[in-house]
Amino acid sequence: MNNLRIPPLLKEIALVFSAAGKEVYLVGGAVRDLLLGQNPADWDLATNARPEEVMGLFRRVIPTGIKHGTVTIRYRDVSIEVTTFRTESRYSDGRRPDEIRYASTIEEDLSRRDFTMNAAALRLPGGELADPFNGRGDIRRRLIRCVGRAEERFGEDGLRPMRAVRFAAQLDFDLEERTLAAIPGALATTARVAAERIREELDKTILSPRPQTGFIIMEETGLLKLILPELEACRGVEQRGYHRFDVLDHSLLACAYAARAGFSREVTMAALFHDLGKPAARRLDEQRGIWTFYNHEAISAALTEGILRRFRYPNAVIDRVLHLITAHMFHYEENWKDAAVRRFIMRTGTDSLEDLFRLRMADTAGMSGEDPDPRSLLPLHKRIESVLAKGGAFSLRDLAVNGRDLMAAGVAPGKRVGIILQELLEAVVDDPGLNNKEKLLEITNNINRRYINGP
Ligand code: ATP
Ligand code: MG
């Protein structure tokens with residue numbers, strides 16, 4: 001296997017192990033990537049040296065996962081994870097291994113791994129291949145196959161079906177027949193997996209070059225109904241009168257475009273979830289004979305919030321995704337007055353305009369199944385530029401007054417300050433001439449009196 005490009009740095013590290021009489025192998029995704037002819041993202045090593053021994057062999061070693069037998073060597077500014085050979089551990093809760101036990105051979109270590117393509121190793125420094133499960137053959141056939149009996153392996157760790165889906169989407173591989181057939185029987189185990197572990201695989205699927213590939217396998221095996229029932233409910237929700245795809249296919253096409261275009265995780269997730277509210281919002285317009293989906297964006301945002309909280313996404317991600325989904329139904333017409341453009345900018349927020357346009361591109365791609373014409377948003381783009389160039393207030397920080405000014409003018413501290421500032425902003429967006437301290441304080445007094453006197 002000398003044709004595989006093993007970096008000199010790994011050979012140097014390997015010589016330290018062999019001088020100490022220890023074996024060391026390149027393992028996991030890096031071997032798979034090399035066999036595929038791709039550049040590995042990172043390097044994982046396996047050894048028969050115990051973690052304490054590895055720590056003694058190198059100057060800079062960090063005990064990053066000592067519970068799992070893993071330490072990280074820092075060598076010439078590269079981080080390399082080194083894990084002592086382990087055997088299959090028991091997963092009595094279907095979530096995490098109960099305990100780890102060290103193994104004495106690489107073969108034993110490889111047999112605990114999930115898929116044959118991830119269970120080949122390259123002996124270092126020479127580069128001889130250890131491949132007891134014929135991972136290389138499966139990589140050549142582009143197949144994801146469990147090491148050993150699929151039912152057993154999925155029953156041990158319910159994350160593995162999600163990993164299979166993720167790899168199918170990333171690599172454009174098929175699931176081998178028995179591996180695929182074992183997923184439905186493992187759903188109860190997958191249901192017990194920690195949300196954070198599922199999220200990691202879901203993220204990688206959504207951002208892969210072919211998210212549809214992953215989601216279709218999820219649908220066929222029942223994983224979609226288990227993990228994202230809100231998305232599964234979009235199957236068969238037809239949109240005659242708009243385009244030929246049902247809401248699920250439309251969402252997958254939109255997500256695939258966003259992933260392909262390299263849009264951010266937030267935009268790509270918004271593309272996947274922007275129409276989740278359609279099944280609930282759908283009404284038949286009998287006169288026109290078409291379906292309507294009024295206000296679906298609000299329902300989509302609420303359902304998406306439920307999903308993102310369930311998987312413990314960070315609040316900053318949740319806020320961004322929900323904002324984009326809530327704002328996605330704009331319809332620009334050339335006859336919009338400047339005030340309408342200013343209102344659009346204010347509602348969207350100047351920092352979100354580009355992302356909202358990206359979401360619209362993805363939404364459009366999801367209607368035709370083809371890449372949209374990048375010029376379609378140009379008229380609105382130009383209009384926004386010209387309106388922004390004229391200046392004015394588009395957010396609270398552009399106002400000629402702030403919260404302190406309002407309180408000095410007699411507004412009681414608390415929620416009311418924010419509410420009045422927002423009203424002032426809306427007034428200024430309609431009429432930029434109002435944006436001076438004197439006029440704004442006059443309006444403030446009027447609004448505040450309304451509060452004091454009641455409605
Ligand atoms: P990536 O390129 O995404 O990092 P990877 O194959 O390296 O892909 P990791 O999640 O980094 O995936 O895992 C490293 C290796 O550990 C895998 O290649 C596999 O051999 C093994 N592995 C990881 N997760 C599991 C699991 N849940 N069950 C069994 N083996 C696993
Ligand atoms: Mg990896």
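This is a predicted model: local features need pLDDT of at least 70, side-chain atom pairs count only at pLDDT 80 or more; totals for chains, interfaces and linings use all residues.
Local features need pLDDT of at least 70 and side-chain atom pairs count only at pLDDT 80 or more, whereas totals for chains, interfaces and linings use all residues. Residues are numbered from 1 along each chain as its sequence is written, chains are lettered from A and ligands numbered from 1 in the order written, and side-chain values use heavy atoms, with hydrogens and water left out.

The chain is assigned domain 1 (8-134), domain 2 (260-388) and domain 3 (396-453). These bounds come from an automatic or database domain assignment. The C-alpha centres of domain 1 and domain 3 are 63 Å apart.

Ligand 1 is surrounded by 13 residues, each with a heavy atom within 4 Å of the ligand. The closest are Arg32, Asp157, Arg160, Arg163 and Arg166. Helix H7 (160-171) and helix H2 (29-35) each give two or more residues to this shell. H7 provides the largest share, four residues. Helices (H or I, at least four residues) and strands (E, at least two) are DSSP runs, numbered from the N terminus. By class, the shell holds nine charged, three polar and one nonpolar residue. Asp, Glu, Lys and Arg count as charged; Ala, Val, Leu, Ile, Met, Phe, Trp, Tyr, Cys and Pro as nonpolar; the others, Gly among them, as polar.

Alone, ligand 1 exposes 590 Å², and the protein buries 77% of that (Shrake-Rupley method, 1.4 Å probe).

The second largest pocket is lined by 22 residues. Nearest its centre lie Tyr242, Lys278, His296, Met329 and His331. Lining residues have an atom within 4 Å of a pocket point; a pocket is an open set of points, on a 1 Å grid over the protein atoms alone, where a 1.4 Å probe fits, with protein on both sides within 12 Å along at least five of seven lines. Helix H20 (353-368) and helix H17 (296-310) each give two or more lining residues. H20 gives the most, with four. The lining has eleven polar, six charged and five nonpolar residues.

Two backbone features stand out. The Leu124 to Pro125 peptide bond is cis, with omega near 5°. Pro125 sits in the loop between strand E6 (121-123) and strand E7 (129-130). Asn295 has a positive phi, near 65°. Asn295 lies in the loop between strand E11 (290-292) and H17.
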